[in-house]
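I opened this notebook to record what I looked up in a structure, entry by entry. The sequence and the model come first, and my notes follow.

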Amino acid sequence: MERDHSKISMAVIRRLPKYRRYLEDLLNNDIHRISSNELSKLTGFTASQIRQDLNNFGGFGQQGYGYNVEALYEEISKILGTDHRFNVIIIGLGNMGHALANYENFKKRGFDIIGIFDIKPELIGTTVNNIKVMHMDELDEFVKNNRVDIGILSVPYGQTPAIADRLGRLGVKGLWNFSPMDLKLPYDIEIENVHLSDSLMVLGYKIDSKM
């Protein structure tokens, strides 16, 4: 029987990709067993926190043995949906859009970029990472004719709400928003707002507090 993960806190879910990343490194280094204490040293989370997090999804560890790295990696991958493929489009081909379009790890993680859209005449018809850049006028027809799971927004602040609303009305399931605003839409759509400057300011604080 499938476990219901709907009541698990988002704080726990947000830690899972970090666990998965370290487990992948362990597998690449031919390490197949690890204790919660050893995993704690790698991730920076306490051993107790790790055990609590993983217990939300069932008993993965064995007392006196620890965790089977490969089995835990595969289970976390399933929880995060990396055994599925997601179709992704990018809106906005500025510096950020270019970087995202060329990021090869998306495909490895199950995210396939199938379309790129912009309004600049000099970009339309060019290709980035073998994907043709289309005009925003083609967006509606493209989404109607293709399964689009996620829209990546890399557009100016003022354009973000209208484009997000457009994608929501078209039935796109999720938005990864790089605009400096927290989007909220009246649709059944998941939104992940990414604020790179926030992370940079936190780093600045950490450095400044040591001076």
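Entry 1: ground rules and the opening helix

I first wrote down that the expected span of a helix is 1.5 Å times one less than its number of residues, and that helices (H or I, at least four residues) and strands (E, at least two) are DSSP runs, numbered from the N terminus. The model is predicted, so local features need pLDDT of at least 70 and side-chain atom pairs count only at pLDDT 80 or more, while totals for chains, interfaces and linings use all residues. Residues are numbered from 1 along each chain as its sequence is written, and side-chain values use heavy atoms, with hydrogens and water left out.

I then checked helix α1, residues 10–28: at 1.5 Å a residue its 19 residues should span 27 Å, and because its end C-alpha atoms are 28 Å apart, the two values agree.

Entry 2: the whole chain

I noted 9 helices and 10 strands in the chain, and a box of roughly 65 × 55 × 35 Å, taken along the principal axes, that the C-alpha atoms fill. For burial I used relative accessible area, where buried means under 20%, exposed over 50% and partly exposed in between, with a 1.4 Å probe and protein chains only; 37% of the 211 residues of the chain count as buried. For contacts I used heavy atoms within 4.5 Å, and among the contacts in the chain with a separation of 6 or more, 57% come from residues 24 or more positions apart.

Entry 3: what covers α1

Which residues of α1 are buried? I found Val-12, Arg-15, Leu-16, Tyr-19, Arg-20, Leu-23 and Leu-26, and what covers the buried residues of α1 includes β1 (33–34), α2 (36–43), α3 (47–55) and α4 (69–79). I followed up Val-12, which has a relative accessible area of 7% and is therefore buried; leaving aside its neighbours within four places in sequence, Val-12 is in contact with Asp-53, Asn-56 and Phe-57.

I also looked for charges over rings, which requires NZ of Lys or CZ of Arg within 6 Å of the ring centre and within 35 degrees of the ring normal. The charged end of Arg-15 sits over the ring of Phe-45, 5.9 Å from its centre, and the charged end of Lys-18 sits over the ring of Phe-45 as well, 5.0 Å from its centre.

Entry 4: two residues with positive phi

I reminded myself that most residues other than glycine have a negative phi. Asp-30 has a positive phi of about 60° although it is not a glycine; I located Asp-30 in the loop between α1 and β1, and it is exposed, with a relative accessible area of 58%. Asn-130, also not a glycine, has a positive phi of about 70°; Asn-130 lies in the loop between β6 and β7 and is exposed, at 78% relative accessible area.

Entry 5: the sheet

I traced an open sheet of 7 strands, in the order β6-β7-β5-β4-β8-β9-β10 and with mixed pairing, where two strands pair if DSSP finds at least two bridges between them. Its edge strands are β6 (127–128) and β10 (190–193), each of which pairs on one side only. Strand β6 pairs with β7 (residues 131–135) in the antiparallel sense over 2 bridges, and Thr-127 stands opposite Lys-132 in β7.

Entry 6: aromatic pairs

I counted rings of Phe, Tyr and Trp (its six-membered ring) as a pair if their centres lie within 6.5 Å, with planes under 30 degrees apart called stacked, over 60 edge-to-face and the rest tilted; by this rule the count comes to 6 aromatic pairs. Why is the pair of Phe-86 and Phe-111 stacked? Their ring centres are 5.2 Å apart and their planes are at 20°, so the pair is stacked. Phe-86 lies in strand β4 and Phe-111 in strand β5 (residues 111–118), so the pair ties together parts that are 25 residues apart in sequence.

I next looked at Phe-106 and Trp-176, an edge-to-face pair with 5.8 Å centre to centre and 75° between the planes. Phe-106 lies in helix α6 (residues 105–108) and Trp-176 in strand β9, so this pair ties together parts that are 70 residues apart in sequence. Phe-106 is buried, at 12% relative accessible area, whereas Trp-176 is partly exposed, at 27%. Finally I noted that Tyr-103, Phe-106, Trp-176 and Phe-178 form one aromatic cluster.
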